[in-house]
Amino acid sequence: MTEVLVLIDAPDGKVTKPSLELLTIARRIGEPSAVVFGDADTGVLAEHGAEKIYTYDDAVYSDYLVGPKAEALTQLVGEVSPAAVLTGSSTEGKEISARVALKTQSGWIGDAVDVQADGGTITTTQSVFAGNFTVQSQVTQGAPVISVKPNSVAPEAAAGAGTVEAKTADISDGAKGAKITSSKEKAASGRPELTEAAIVVSGGRGTGGDFTEVEAFADSLGAAVGASRAAVDSGWYPHSFQVGQTGKTVSPQLYVANGISGAIQHRAGMQTSKTIVAVNKDDEAPIFELVDFGVVGDLKAVLPQATDEVKKR
Ligand code: FAD
């Protein structure tokens, strides 16, 4: 069976859930080979079906932006002729995959929400125009290079050989065009990562800029906090927490939208959540068209009561 290269994201060595999802998808196409820059828990990769694990251990991959990683991955594609290359749809994953596709003269598909393989034919599904249309695509030139959105599949365990192979690559000066001169460590919130969380509690303009009740409710449930673009654009919450078309896509078991009207661009990032709950003081807010449970009321009154109830259990 042909190899499928999977670019692994593992901050501080911990393999992210979206990377495990990619390994699950890769098994539909061929034999998953994990590609790791820096450290990663190789045991977890093998437990999720990685037959091979290519590791690149050099400061060049952490000292520069994506150029060296893209160049090393391009060289690996030339070496192993994979059936496909999969990356996450993070900013870095998309940039690396696009560079690899260009350099290998292969077709690139971004933001797939599903990947199916029928014999040698790989078909991807993308949700476009803020979730209004679903399109299917096939690459007609080279090995498809595909970035896949988080939460597109549930990660499934499957034993792989997990054979580790240390690799080196010749990194050109051109790939070292952008050096990282300083980096700010993210303040630890103790909350789960937004795209990986089983529960997301979000706040919008209806919070009036104070996320205290939203955060307290999220913490009572062990949830991640999200925000609408109106809240982010107002400077109330960082952009990395924005849910929607120009933010992150989440698909948790439970999504609670507080003081969010339900604009189509917000829905694009959360409408595949398994159960959707909204708290809004306007009973005609469009978000109520989409919810499983709706509460008409002021979030400043509703959320503290809900938090107390959860804490009692
Ligand atoms: P509003 O639409 O102003 O809604 C606030 C809601 O809060 C209202 O329904 C109101 O009834 C309710 N409310 C007010 N006070 C209370 C209270 N005390 N208690 C309970 N409810 C209350 N938006 C995103 O979210 N994510 C995106 O990624 C995104 N991308 C975009 C991309 C493009 C190209 C464009 C054009 C727009 C994008 N938007 C995005 C913006 C989007 O169109 C909406 O403007 C935005 O989602 C509105 O945010 P909101 O629901 O918080 O605010």
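Trainee: Let's begin with the second largest pocket. How many of its lining residues are nonpolar, polar and charged?
Mentor: Its lining has seven nonpolar, 12 polar and six charged residues. In that scheme Ala, Val, Leu, Ile, Met, Phe, Trp, Tyr, Cys and Pro count as nonpolar, Asp, Glu, Lys and Arg as charged, and the others, Gly among them, as polar.

Trainee: Before I go on, where does the model come from, and how are residues numbered?
Mentor: It is a predicted model, where local features need pLDDT of at least 70, side-chain atom pairs count only at pLDDT 80 or more, and totals for chains, interfaces and linings use all residues. Residues are numbered from 1 along each chain as its sequence is written, and side-chain values use heavy atoms, with hydrogens and water left out.

Trainee: Back to the pocket, then. Which residues lie nearest its centre?
Mentor: Arg205, Ser228, Gly259, Ile260 and Ser261, out of 25 lining residues. A pocket here is an open set of points on a 1 Å grid over the protein atoms alone, where a 1.4 Å probe fits, with protein on both sides within 12 Å along at least five of seven lines; lining residues have an atom within 4 Å of a point.

Trainee: What is its volume?
Mentor: About 470 Å³ for the second largest pocket. Grid points are joined across faces, edges and corners, and the volume is the space filled by probe spheres set on the points.

Trainee: Which helices and strands supply at least two lining residues each?
Mentor: Helix 7 (229-233), helix 8 (264-267), strand 13 and helix 9 (299-312) each do. Helices (H or I, at least four residues) and strands (E, at least two) are DSSP runs, numbered from the N terminus.

Trainee: How many bridges hold strand 10 to strand 12 and to strand 11?
Mentor: Strand 10 has five bridges to strand 12 and four to strand 11. Gly203 has Asn258 of strand 12 as its bridge partner, while Ser202 stands opposite Gly226 in strand 11.

Trainee: Is strand 10 mostly covered or uncovered?
Mentor: Mostly covered: five of its five residues are buried, meaning under 20% relative accessible area with a 1.4 Å probe and protein chains only, where exposed is over 50% and partly exposed lies in between. Ile199, Val201 and Gly203 point one way, and Val200 and Ser202 the other.

Trainee: New topic: what is phi for Asp12?
Mentor: It is near 55°, a positive value in a residue other than glycine. Asp12 is in the loop between strand 1 (3-7) and helix 1 (17-29).

Trainee: Why does Asp12 count as exposed?
Mentor: Because its relative accessibility is 86%.

Trainee: And where is Ser81?
Mentor: Ser81 is in the loop between helix 4 (67-80) and strand 4 (84-88), and its phi, near 45°, is positive too.

How values were computed:
Pairing = 2+ DSSP bridges.
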